[in-house]
Structure formats: C-alpha cells, structure tokens
Amino acid sequence: MEPAGAPSSSDAAGLVVELRDAVAVLGRFPALAGADLHVRRGEIVLLRGPNGAGKTTLLRLCAGLVPLERGEGTVVGCDLRTQRDAVRSRVGLLGHANGLYSDLTVRENVEFWGATVGASAVEIDASLDRMGLASRLAGVAVGRLSAGQKRRTALACLVARRAQLWLLDEPHAGLDATGRDELDATLRAAVAAGATVMVASHELERAGGLATRVVDVVAGQVSPDTGASDTTASGGAS
Amino acid sequence: MNDTASPASGSPASGSPASGSPAAASIWRTARLVAGKDLRIERRSRVIVNQVLPFASLVMVLFAFALDNDEVLQRTAPGLVWLATIFALLVVVQRAFAVETADGALDALRVAGVSPPGIFLGKSLALAVQLLVLELLLIGLAVVLYEATLTATGAVLLVTTLLPATTGLAFVGTLYGGLAAGARGRETLLPLLLFPVVAPVLIGATRATEAAFGVGHAAIDEGWPWVGMLLVFAALFGVGGTLAFGPLIEE
Amino acid sequence: MDHAGFIFASYIAAFGGSAALAWYVVRRGRALGRQLPDEDKPWI
Amino acid sequence: MSERQRPGREQPRQHEQHEQHEQHEQHGNEDSAHVATTQTPLTGPGSAATSPVGNGAGTGTRFTRILGALTLVAMGVLALFALVISPPDVVQGETVRILYAHVGTVWVAYLAFVVTAVSSAAYLWKRTSSLTWDRIAGASAEIGVLFMAITLLTGSLWGRITWGTFWVWDARVTTTAFLFITYIGYLAVRGLGGTHQQRARRSAVVALLAVLEIPLVHFSVRIWRSVHQDASVATGNTDVKLDDTMLFTLLLATVAFSMLYVWYVLHRQRVLHLQDLLDDKGLDLALAERRSEGRPDASAAAPTTAASTPTATVSAASTVPTKDPVS
C-alpha cells in the first residue's frame with residue numbers, strides 16, 4: 001500500500017468519503033444495505049435517521065472498524081478493503097463508547113491517545129483547554145466523572161488525535177450547553193483547518209445549525225438531502 | 001481557538017502519523033506507551049495487588065489443606081507455586097483485557113492505527129511485570145508455608161528461571177487473551193485455549209524450581225536445561241505472537 | 001479370546017465413531033443440498 | 001471463490017430457502033437430519049417443489065461414491081482380518097488386535113492435523129486465494145479430533161491390558177492428549193462467528209500457533225520423563241513380532257482409515273461450502289428486507305406493513321442488530 005501517494009489523488013477530486021453500494025454486516029444482519037455517499041473535504045455532514053437505521057455502522061465502516069462486505073469504499077484516499085490500516089490512522093471516531101480508561105485521569109487519557117499519534121505536550125494542553133478540561137477536572141480519574149464530562153474527555157482525546165476525518169456518533173448526548181458550544185466551536189475550527197466531519201445525531205436543531213449538509217440514513221441506505229445547504233458544501237470543497 | 005487550530009491544521013498536511021509505518025522504533029514506542037498505561041492503571045486501581053495476590057495466596061493455603069502432609073508439601077512446593085501462578089495468570093489476563101473492552105478502548109486503539117505488534121509487546125510487558133511480582137510473593141509463601149529451602153546458587157537459578165518463564169507466560173496470555181477478548185463466552189474459551197499452551201512452561205519452570213529448591217535430591221545443574229527450554233518457548237511465542245496478534249484482534 | 005470386551009469396545013468405538021460421522025455428514029449434505037440449486041455445487 | 005458475487009439471482013425462491021435455513025440455525029443439525037430422512041436425496045419430489053432449479057443433490061459425486069464403497073469394503077475386510085484371520089501375538093495374545101484400530105486411527109489423526117496446519121498456511125499465504133483451504137482445514141480438524149478420541153480410548157484399553165494401567169505419562173501419549181484438547185479449542189474458535197473471512201483468518205492463525213505449541217509440549221514431556229523415570233515403560237514389554245498377516249492387517253487398517261479420511265474431508269468441505277453459501281443467500285434476503293424497510297409504505301407503519309409485504313418475513317422492528325444471534 002502507498003499511504004503517502006493515495007490521498008493526493010483523492011484530494012484532486014476533493015472527496016474524503018466515497019461509498020458505492022456499500023454493504024456492512026453485523027453478525028448476519030446487514031446494518032448497511034447498499035449505501036452511497038460522497039463527502040467532500042471541508043464538509044460537516046449530519047447523518048439523520050431513526051434508531052437502527054445504520055448510522056453507527058456507517059461511521060464505523062468509515063473508520064475502518066467494520067469490514068466492507070460488498071460494494072466499494074474509499075476514505076481519505078485509502079481503499080476500505082485493502083488499506084484499512086491506513087484509513088484508521090487518518091480518521092478519528094467518537095462512538096457510543098468513549099474509549100477511556102476509567103482508572104486514569106482526564107489528562108492521562110488525553111495524553112495516552114495523543115501519544116498514539118505523537119502529539120506534543122502543547123497540543124495535549126490545547127486539546128484539554130478546547131474542551132474546558134484544563135483546570136479542575138484534568139487531574140480527576142475518569143471513573144469519577146459524570147457522563148457529560150466523560151464525553152468531553154473523549155472529545156479532547158479526539159482533538160489530540162488530529163484526524164483528517166472526524167466521525168462523531170451522537171456527540172451532543174450528555175453535554176451541557178457550554179459543552180455543546182465548545183464542541184461546535186471545535187468542529188468548526190477543525191474544518192477551518194482542513195478536516196472533514198461526519199456527525200450522527202438525533203438532535204437536529206443543534207447539529208443542523210452546524211452542518212453544511214444533511215443526509216438521511218434509512219434502512220441501511222443513504223438518501224442525500226440536496227436541499228439544506230449544498231451550496232455551502234461545494235463552497236467548502238473548492 | 002488559535003491554539004487548537006494549529007494542531008488540527010498540522011494533521012491533514014502531515015499525512016499518516018508515525019504509526020502508519022511498522023518500523024521497529026515505532027513498535028517499541030507503542031509498546032512502551034501501552035505498557036506504561038497498563039502499569040499506571042494497575043498502580044491506580046490496585047486490582048492485582050488487592051485481589052489477585054490474595055487469591056493466589058489463598059490457593060497456596062488451599063493446596064496445603066488438600067495435600068495435608070508437610071513432606072509432600074515440601075516435595076511439591078515448586079509445582080504448586082507454578083500451578084498457582086497459572087491460575088492467577090488466567091485472572092490477570094482477563095483483567096488486562098477487561099480494561100480494554102470496558103469502554104471500547106480496544107476499538108479506539110485500532111482506530112488510532114496503533115500497531116498490533118506494539119499493543120502485543122506492550123501488554124505482554126505489563127503482564128510480565130505483574131506476574132513477576134506475583135511469582136516472587138508465591139515463592140516467598142512456599143518458603144514460609146511449605147518449608148522450601150533456597151541456597152545462594154539456587155536463588156541464581158531461580159531468578160534465571162523466572163525471567164523466561166514469566167515472559168513466555170505473558171506472551172501466550174496476551175495472545176490468547178486478545179483472541180478471546182471480543183468473543184462470546186470469553187471466560188470459558190480462554191482457559192481452554194491457554195492451559196494446553198502453558199503446559200511446557202509449567203513442566204519446565206517446575207523442574208527448574210525443584211532444582212533450585214533442591215527437592216527430591218535434584219541437583220542445581222539439572223535446572224539449567226529447563227531454563228533453555230523456557231527461553232525457546234518465550235522466543236517462539238514472542239515472535240509468533242507479534243506476527244499473529246494483529247490478525248487475531250482484527251474484526 | 002482374552003479381553004474380548006476390551007477388544008470389541010475398541011472396534012465398536014473405531015467403526016461406530018467413523019460410521020456415525022459419515023452418516024452425519026451425508027445427511028447434512030443432503031439437507032443443505034436440497035436448499036440450493038445445482039449450479040451452486042461446483043463438484044457436480 | 002465466486003459465491004460472494006453469485007447470490008442475488010434467485011430472489012423469488014430465497015424466501016422459502018431462508019425459512020428452512022433459519023430452522024437449521026435454531027434447531028441445529030438434528031433437525032436438518034430429520035428433513036433429510038423424509039425423502040430420497042437425488043430425486044426427492046418435495047425438493048423439486050421447494051426449489052425448481054436444484055434437484056436436491058447432496059455432496060456426493062461419482063468419485064466419492066466409488067471411494068465410499070471401496071472404504072466400506074476395506075473396513076469390512078479390515079474387521080475380518082483384525083478380529084478373525086490374523087493370528088494372536090506370541091507375547092500379547094489377542095490384545096494385539098486392538099493395535100490395528102489404534103494405529104490406523106492415530107495415523108489418520110496426525111495426518112489430519114498436518115493437513116489442517118498446511119491448509120491454514122495455504123489460506124494465509126494467498127489471502128485472496130480461497131475459503132476452500134479454510135474449509136478443508138476445518139473438515140480435517142473435525143475428523144482428526146474424532147480419531148484422536150478413538151486413539152486415546154483404544155490406547156488406554158490396550159494399556160490397561162498390557163501395562164496394567166489406563167494411562168502412562170509417555171511423551172507420545174501426552175502429546176496426543178494435548179493435541180486433542182488443542183484442536184477442540186481450534187474447533188471452538190471456528191465457531192466464534194463473524195464473516196467467513198474472519199472465521200478463516202482467526203482459525204488459521206490458531207492452527208499455526210498449535211504447530212508452535214505441540215513440539216514444545218512433546219519435547220518438554222519427553223525430557224521430563226527421561227529425567228525422572230525410565231522412559232522404557234512405554235516401550236518395554238510391547239515387542240510385537242509381526243508376521244506377514246499381521247503386517248498386512250496393520251497396513252490395511254492404515255489404508256482403510258485413510259480412505260475414510262479422504263472421503264470425509266471431501267464431503268465435509270462441500271457441506272461447509274453449502275453452509276457458507278446459504279449464509280450468503282441469507283444475507284441477500286436480509287438485504288432485501290432491510291431495503292424494504294426504507295420504502296415509504298413500510299416506514300409509515302413499519303411492523304404491520306412489513307409483515308404483509310411478501311419479501312419481508314421479519315418485521316422492521318425486530319431487525320435491530322441485537323436481535324441477531326451472531327452479532
């Protein structure tokens with residue numbers, strides 16, 4: 001595989017995510033039943049849909065965690081079949097689980113996840129600061145935090161990961177008003193810096209204001225809503 | 001705002017982080033990171049110290065109840081030490097992977113592109129350190145409870161035995177623990193897979209420890225060939241595990 | 001014959017076990033084969 | 001293999017197939033065996049009604065039928081020679097007869113595990129090559145485990161007569177027992193679920209790790225016994241003076257059980273092939289169902305509408321991932 005060469009070719013088309021008739025299976029259940037999705041660089045795409053529609057699986061597929069059973073898929077320029085390792089190191093996923101170690105402190109968690117991609121101490125501090133965790137909470141064990149505080153910590157870990165594609169599954173859940181503002185600001189900053197974001201959320205009012213495009217996920221398939229703010233999306237890509 | 005924008009802007013341009021290349025240096029960096037993380041978790045939670053060490057000690061006492069004979073205990077002390085170690089190994093391995101699966105950290109490690117060989121070596125290292133502490137305690141207990149005797153040369157042999165035996169146990173524990181981590185029925189699958197594999201370590205380490213304790217008229221010299229076998233075991237499963245761990249935890 | 005019981009037990013295990021396995025695989029093959037068209041059976 | 005691309009052709013029929021398939025999944029193999037006994041395999045009228053294309057052919061071919069017949073004959077002749085024609089041994093008397101079954105099965109058992117290891121390596125070597133290697137590995141391990149059990153049983157019966165004990169801690173015996181347990185673990189790993197490729201990769205790696213383990217077990221047990229007591233117990237009074245008839249019987253046993261092995265692996269890997277194929281077809285049906293959830297009529301009132309739609313047998317509400325037995 002050529003992780004170095006591959007992304008540039010997709011950058012030309014500006015496509016960060018490209019799924020064609022993608023099928024992904026959980027056990028024997030086809031959580032994704034032929035999804036088509038194109039996401040350009042700089043977009044913030046909101047995935048909307050009922051429970052069990054396949055939003056989570058779509059995000060996990062894009063993260064390289066769930067294998068592509070049928071169809072084609074390219075994420076950040078890497079093929080989802082043959083270059084999953086390369087995909088993984090370029091995306092950041094915030095799933096239902098936070099991926100935190102409850103016995104470690106907030107700072108230690110962020111340091112650990114930052115260190116997996118070689119983030120510096122300055123970047124760690126900045127990530128903590130970004131999610132409002134720099135002061136009092138930094139030294140508290142994650143196991144003692146509330147659900148919302150854990151979510152913030154997980155977001156700070158994600159910030160430290162410096163991913164090209166951010167995949168967020170219900171990121172607003174459990175966050176208070178300040179946390180949501182910080183999250184939105186973080187995502188906008190990431191996009192401004194060249195990243196792309198996909199968000200699955202039920203909180204349409206909140207996430208809808210953030211998104212440049214809304215996409216409906218129903219029954220394991222994706223039907224793009226070209227209405228909302230497609231112009232913004234294409235503007236972001238160029 | 002500007003502070004976070006700069007790291008974020010750094011990433012898309014810089015492309016794949018260091019973890020993308022399976023270079024030895026990167027693997028070692030990951031291994032140290034993972035091992036440090038695991039040991040720090042243990043230092044904070046003290047699960048091994050507060051629960052597993054008492055459990056293993058209890059097993060040693062139960063052996064004494066079961067065998068009920070001082071001479072037999074003295075004769076079988078080495079075997080009982082290693083048997084207790086292997087029971088404890090099961091618990092420690094399950095703990096080591098419960099930490100990873102409790103909140104989806106194993107998934108997060110995979111998404112972070114952390115190299116599986118690095119995870120394998122790191123978790124093995126942390127496991128080995130914890131096992132070593134456990135074994136030292138059990139040997140101390142054998143001296144106290146079972147009247148095992150240890151000379152200076154015996155101690156040298158014993159320490160030389162502990163290192164490869166512990167490393168080998170840690171390698172196979174991590175390997176099969178990782179395989180069972182995501183599986184249904186992991187609690188029952190793990191011993192089925194693990195115990196046949198650790199049999200050579202049980203045999204080798206027990207014989208070497210017998211020589212070190214001088215039980216059954218075993219001479220010190222009889223222990224050294226077993227140390228060689230333990231080394232071979234550790235080396236084979238170290239290499240095999242490094243190669244196999246990635247495919248095994250892949251979903 | 002000395003130890004006839006042991007000898008017969010051995011052969012009952014060997015032949016009986018083999019026959020049971022063979023019987024099982026043939027029946028399973030037929031049951032599954034009935035659910036699939038012959039194009040899906042490259043050996044035919 | 002091409003089966004991944006193949007499904008999708010026979011949409012209308014898959015509905016019924018799927019239901020049968022579900023039955024297997026729930027009730028296991030016994031149930032499918034019941035179905036099989038109700039009709040003759042090759043020309044079953046019921047099967048023609050269920051599936052217009054398939055004539056219900058099983059996993060047999062001309063070759064396996066001939067091989068199967070030859071195996072039956074060989075087994076019959078073996079029974080005759082082993083139990084009647086061959087003479088009792090000078091030293092062991094009639095007990096030597098057990099050895100024919102013992103040697104025949106242990107040879108096949110070890111052969112089976114070598115084949116499993118080699119096929120696993122073959123699967124991993126060219127990853128894109130074929131699931132056939134995986135199926136051969138699995139089939140081979142199954143019959144290997146059975147024959148290993150027979151070997152251990154006949155061996156301990158023989159040992160009880162010859163040595164006065166069911167079990168000796170001989171290196172070969174102990175290694176065989178460990179091999180037996182290790183491959184039971186291998187079969188457990190095969191049953192862990194996931195996609196076919198996941199199953200194949202995981203079990204192939206486990207099979208190769210067993211190749212690392214077994215020599216170490218053998219080696220450690222061997223020096224363990226040689227240090228602490230005479231290793232001769234396993235070889236001391238077992239001298240067998242084989243005359244020509246006995247030698248022939250021994251050879252015949254090896255050949256007969258090997259033929260059975262080949263026959264079984266051929267059949268079993270085809271059964272596994274069919275099973276995988278049915279899983280894939282089940283996926284096609286599940287995909288169709290899943291897609292139909294999204295249609296306006298179905299999504300409006302999911303449970304009732306979906307149930308009345310011909311293609312959807314499972315209501316949309318019940319198809320959440322957790323419902324699936326494997327997920």
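## Confidence in chain A

In this predicted model, chain A has an average pLDDT of 82, and 88% of its residues score at least 70; pLDDT is the predictor's confidence in each residue, from 0 to 100. Where pLDDT is low, the predicted coordinates should not be read in detail.

Residues are numbered from 1 along each chain as its sequence is written, while chains are lettered from A and ligands numbered from 1 in the order in which they are written. Local features need pLDDT of at least 70 and side-chain atom pairs count only at pLDDT 80 or more, whereas totals for chains, interfaces and linings use all residues.

## Strand pairing in chain A

Strand β1 (residues 15-26) of chain A pairs with strand β2 (residues 29-40) of chain A in the antiparallel sense over eight bridges, pairing being assigned if DSSP finds at least two bridges between two strands. Leu19(A) has Leu37(A) as its bridge partner in β2(A). The two strands, β1(A) and β2(A), form a hairpin with two residues between them, and Gly27(A) in the turn has a positive phi of about 65°.

β1(A) is also joined by five bridges to strand β4 (residues 70-75) of chain A, again running antiparallel, and here Val17(A) stands opposite Val75(A).

## The largest nonpolar core

The largest nonpolar core contains 240 residues, and those with the most contacts inside it include Cys62(A), Trp166(A) and Val197(A). Such a core is a set of buried Ala, Val, Leu, Ile, Met, Phe, Trp, Tyr and Cys residues joined through C-beta atoms within 7 Å; a residue is buried if 20 or more other C-beta atoms lie within 10 Å of its own, exposed if 12 or fewer, and partly exposed in between, with C-beta atoms placed from the backbone. Helix α9 (residues 244-293) of chain D contributes the largest share of this core, 21 residues.

## Chains C and D

Chain D has 11 helices and zero strands, and 43% of its 327 residues count as buried. Chain C has one helix and zero strands, and its C-alpha trace spans about 55 × 15 × 10 Å along its principal axes.

Note on methods:
Helix = DSSP H or I, 4+ residues; strand = E, 2+ residues; numbered from the N terminus.
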